[in-house]
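Thanks for coming, everyone. Let me put the model on the screen, and then we will walk through it.

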Amino acid sequence: MKPDDHIQYIKGVGPRRAQLFGKLGVYTIEDACWLLPRCYEDRSQVKLISQLEPGVIATVVGEIKQARVLTTRRRRRIFELTVADGSGAMTAKWFRFNTRYMSSLFKKGERIILSGTVETDPYGFFGGLQMLHPDYETLSRDEDELVHTGRIVPVYPTTEGFHQKALRSVMKRIVDEYSSKIADILPPEITHQYNLPPIDQAIQQVHFPDNSAGLELLEQGISPAHRRLVFEEFFLLELGLANRRRQLTQDRAGIAFKSTGELAHRLIKLLPFSLTTAQERVLNQIRQDMARPQPMNRLLQGDVGSGKTVVALFAMLGVVEAGYQAAIMAPTEILAEQHYLNLHPLLDELGVNTLLLKGDIKNQHKKTAYERIASGDVQLVIGTHAIIQHKVNFQRLGLAVIDEQHRFGVMQRANLIRKGYHPDVLVMTATPIPRTLALTVYGDLTMSVIDELPPGRQPVETRLYYDRHRSKVYSFINKQIKIGGQVYIVYPLVEESEKLNLKAATDMAAHLQWDIFPHLKIGLIHGRLNSQEKEQIMRDFKAQRLHILVATTVIEVGIDVPGASVMVIEHAERFGLAQLHQLRGRVGRGSEKSYCILLVHFPITEEAKLRLKAIVNTQDGFMIAEEDLKIRGPGEFLGTRQSGLPDLKVANIIRDASLLEAAREEAFALIKKDPTLSLPQHQPLKEALLRKWKHKLELVQIG
Ligand code: ADP
Ligand code: MG
């Protein structure tokens, strides 16, 4: 049999266990080799029976003195072994057993090794000791064939109906027979440079380590064997990404934009501020990238409020000037509307035709909008998902900007890109992604980072209040409004019940208006309003006709009202870290000192405590993202489904960050040397790559 054969045909597996293996994500023999132990037990140290004490987990070797079935007074049947090792004797007992099997297995006079928790034997004399249901191994066989005891023993993640011992026995058979048949796909230069053991050795050691292997390293998943497997997993992932990037760039003819810079020049004069150094720097990166004949695929990261929109505007103007169209797609209507409100006065002034495209515009307007886009009359389209409807056709889309990328899936990105012929792509995100994660998730994009906020911004003071101190919060709000501030009060979206949540926000707005702040103007905004209503309310708030805006989380991303100086977050314990950071980012945009107030209700989970602590302690988006990643783990942080990447089975991007960086470097270097992996020595690698990415290949092709 070959490693990619189905596991069912391994001796001792069969259809039923094959199904159980399936639950563990194991289908082939090779998959099984990658099913790593959850932890290890050190049963390599054999103790003398006379040294044992109740309560410890121990391994002993002895001779079977007696094997028998007892019946207790309550008519319970027990299988009992008496074992002696010269220093003393003890018993081992089983309550569930098959008499015939046990009697044939354990013969008087045979040597046996037992591992288990030592306890006092209630039936024994003089404080005798016993082990209940110990793991055992009879030593009639060759002694270095030990599987379950007398060595460092692997403990596998298992599933109902699959006993640890049965699983371990199968794994031993597979590792013994097949580890040497697994292809060693890493180039030897690389294994040599990073000091990685050969694949067969790594598989053997990770499952059934030598007794000399450090238990500590094994447990943490950082033994040389683990590192070898982790590296391979990362390496294949990064090769896939390197390949995707190559296809998106080198292989394709994109547009080399030549702009005179005239529009940009005029825009600079219209803006009430000058760009920060960081904005200038990323804009230059973007411009150089756009001037190249290959399509741009760039991720623009910048903390909330760092000024990404204006950077995108400059990029889009360059495209318009070169005679192409540009589009910017935002995840919510409110945000699209806000972009439109902010950009169209500038665009009008510059003589650039623009249009707002959203889901709910009237049909006849939609038709004219589609026509104007198709004819090229509209040069810059601002919109929501409505832009990627199939009826929308661009005359010549040159640049697609995707705002708040984390809200969109890979497919949506692909759909927008399809609207043009290899357009340049700029995706923007304020969810700062820790570098290691960015390498895996956005590994096919080049990255630009705005690491500086516009001048004059003051840090937002973050305070935590328990619900019982609500009145203090109200008087604080009052005080702030007296000195000219504006306030957001945000309610969390309770997933199970949007209605309840809406009711909470609506009731609260009424309560605040009638009972608490009768002298103030209070607005309410939520997802159920139509866009005219939303637009009107945002306009009122922006024009300071409202003092307080009560909102559901619709305002989470992107909203920009510089006069707002207080953000109150109700039920802050329910929000994720990224969301809290986004919400806090809505204030502190003007020159006034701003506050973020976290109103917390009991009960608070341990995880929520960690989140609240992180948000109070730091305002640096990247540090918050690192914390978030640590608290939630990579799987949750960014669903792999959304990212369109193969799952990581053995690697952990936090623990193995440095290996990830190394693997990435090597993978990209290799693709540069041998872009299509056609050199003979890279054939096993190519095959592994195709296997690993098989379902993702279409994405690999379309980006
Ligand atoms: P984000 O990066 O979160 O999308 P925005 O693009 O919404 O941030 O910008 C936040 C605010 O900062 C806007 O009001 C914008 O006009 C302003 N802004 C952007 N760049 C600068 C700058 N260089 N100097 C001062 N204000 C700026
Ligand atoms: Mg933004």
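A polar backbone atom of G307 sits 3.1 Å from an oxygen atom of ligand 1. This is a predicted model, where local features need pLDDT of at least 70, side-chain atom pairs count only at pLDDT 80 or more, and totals for chains, interfaces and linings use all residues. Residues are numbered from 1 along each chain as its sequence is written, chains are lettered from A and ligands numbered from 1 in the order in which they are written, and side-chain values use heavy atoms, with hydrogens and water left out.

Back to the ligand. S306 has a polar backbone atom 3.5 Å from an oxygen atom of ligand 1. S274 puts a backbone N or O atom 2.9 Å from a nitrogen atom of ligand 1. How much of ligand 1 does the protein cover? It covers 84% of the 570 Å² of accessible area that ligand 1 has on its own. Those areas come from the Shrake-Rupley method with a 1.4 Å probe.

Now the shell. Ligand 1 is surrounded by 16 residues. Each has a heavy atom within 4 Å of the ligand. G305, K308, T309, R457 and D560 are the closest. By class, we get 4 nonpolar, 7 polar and 5 charged residues. Here Ala, Val, Leu, Ile, Met, Phe, Trp, Tyr, Cys and Pro count as nonpolar, Asp, Glu, Lys and Arg as charged, and the others, Gly among them, as polar.

Next, the sheet. It is open, with 6 strands in the order β17-β22-β21-β18-β20-β19, and the pairing is parallel. Strands here are DSSP runs of E, at least two residues, and helices are runs of H or I, at least four, numbered from the N terminus. Two strands pair if DSSP finds at least two bridges between them. At the edges are β17 (461-466) and β19 (522-525), and each pairs on one side only. From one strand to the next, the twist averages 20 degrees.

Look at β18, residues 486-490. Why call it largely enclosed by the rest of the structure? Because 5 of its 5 residues are buried. Buried means under 20% relative accessible area, exposed over 50%, partly exposed in between, with a 1.4 Å probe and protein chains only. Both faces of β18 are covered. Q486, Y488 and V490 are on one side, V487 and I489 on the other.

What flanks it? β18 pairs with β21 over 5 bridges, in the parallel sense. I489 stands opposite V568 there. β18 also joins β20 through 4 bridges, again parallel. V487 faces I548 in that strand. β20 (residues 548-551) is joined to β19 by 4 bridges as well, running parallel. There, L524 has V550 as its bridge partner.

Last, some backbone details. N195 has a positive phi of about 60 degrees, although it is not a glycine. N195 lies in the loop between α5 (188-193) and α6 (199-207). Is N195 buried or exposed? Exposed, because its relative accessibility is 68%.

H571 also has a positive phi, about 55 degrees, and is not a glycine. H571 sits in the loop between β21 (564-570) and α19 (577-584). At 15% relative accessibility, H571 counts as buried.

One more. Where is the cis peptide bond? It joins F602 and P603, with omega about -5 degrees. P603 is in the loop between β22 (595-600) and α20 (606-617).

Key:
A polar contact is a pair of N or O atoms within 3.5 Å; within protein, one must be able to donate a hydrogen and the other to accept it, and residues adjacent in sequence count only if both atoms are side-chain atoms. Axes are lines fitted to C-alpha atoms, for helices over the stretch in contact, and angles run from 0 to 180 degrees between N-to-C directions.
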